[in-house]
Amino acid sequence: MKLSKRDLTIKYTVYGLLIAAAALLQNVSGLWFEIGGARCFFIVPVVVLLSLGEDERNAALLGLFGGLLWDAVSAAHMGFNCIVLMFLCYFAAAFVNFVFRNIFSVAVVSATVGAFLYCVSYWLVIVLPHGGDGAVMSLLWFYLPSFAYTAVIGAVLATALSPLKAKLNKGVTE
């Protein structure tokens, strides 16, 4: 049994609103707090968690949408977030569809790995070539703490998004 067109429309509208809310929390100064200078990259775990259990194409589109919202407010490196989040979501969905089961522990690990890969790839591609002497310090004092912060929030988001996803999918596996 598949979801009806109406149910799919509701599901992806809710997903889009969740990604937009994550983008607002992440990108609007003062809506969420920083811990010791570390920021939470909300969009990464939200798009990865929503991608789990989806087919690869829809997962990639969710990542692309999240990256587009992030790139829309960034001053430099246009397109980087779209590409990275699209690939993260594609591979997360592929691993859940072909290798792992879609369970809570896999969701937490996927959100954590996604946050780590995003932080490291951003540092390698954007910061390191232009960072000079401060590039290593930025990794140690901003990107790794931001990864840890995002990973903890990702576990909390996995707890919150699992029942919502189950309700929107109505027990149907696609």
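What percentage of the 174 residues of the chain count as buried? The figure is 44%, where buried means under 20% relative accessible area, exposed over 50%, and partly exposed in between, with a 1.4 Å probe and protein chains only.

Before I continue, a word on conventions. This is a predicted model, in which local features need pLDDT of at least 70 and side-chain atom pairs count only at pLDDT 80 or more, while totals for chains, interfaces and linings use all residues. Residues are numbered from 1 along each chain as its sequence is written, and side-chain values use heavy atoms, with hydrogens and water left out.

I begin with the overall architecture. The chain contains six helices and zero strands, giving the pattern α-α-α-α-α-α along the sequence. Helices here are DSSP runs of H or I with at least four residues, strands are runs of E with at least two, and both are numbered from the N terminus.

As to dimensions, the C-alpha atoms fill a box of roughly 55 × 30 × 25 Å along the principal axes. The radius of gyration is 16 Å, which agrees with the value near 16 Å for a compact globule of 174 residues; this quantity is taken over C-alpha atoms, and the globule rule is 2.2 Å times the number of residues to the power 0.38.

Turning to contacts, meaning heavy atoms within 4.5 Å, I note that 73% of those with a separation of 6 or more join residues 24 or more positions apart.

Not counting residues up to four places away in sequence, Val44 touches Trp70, Leu85, Leu88, Gly114, Ala115 and Tyr118.

Finally, consider Leu161 in helix α6. Leu161 is buried because its relative accessible area is 8%. Leaving aside neighbours within four places in sequence, Leu161 is in contact with Leu18, Leu49 and Leu50. The C-alpha atoms of Leu161 and Gly134, 27 residues apart along the chain, are separated by 37 Å.
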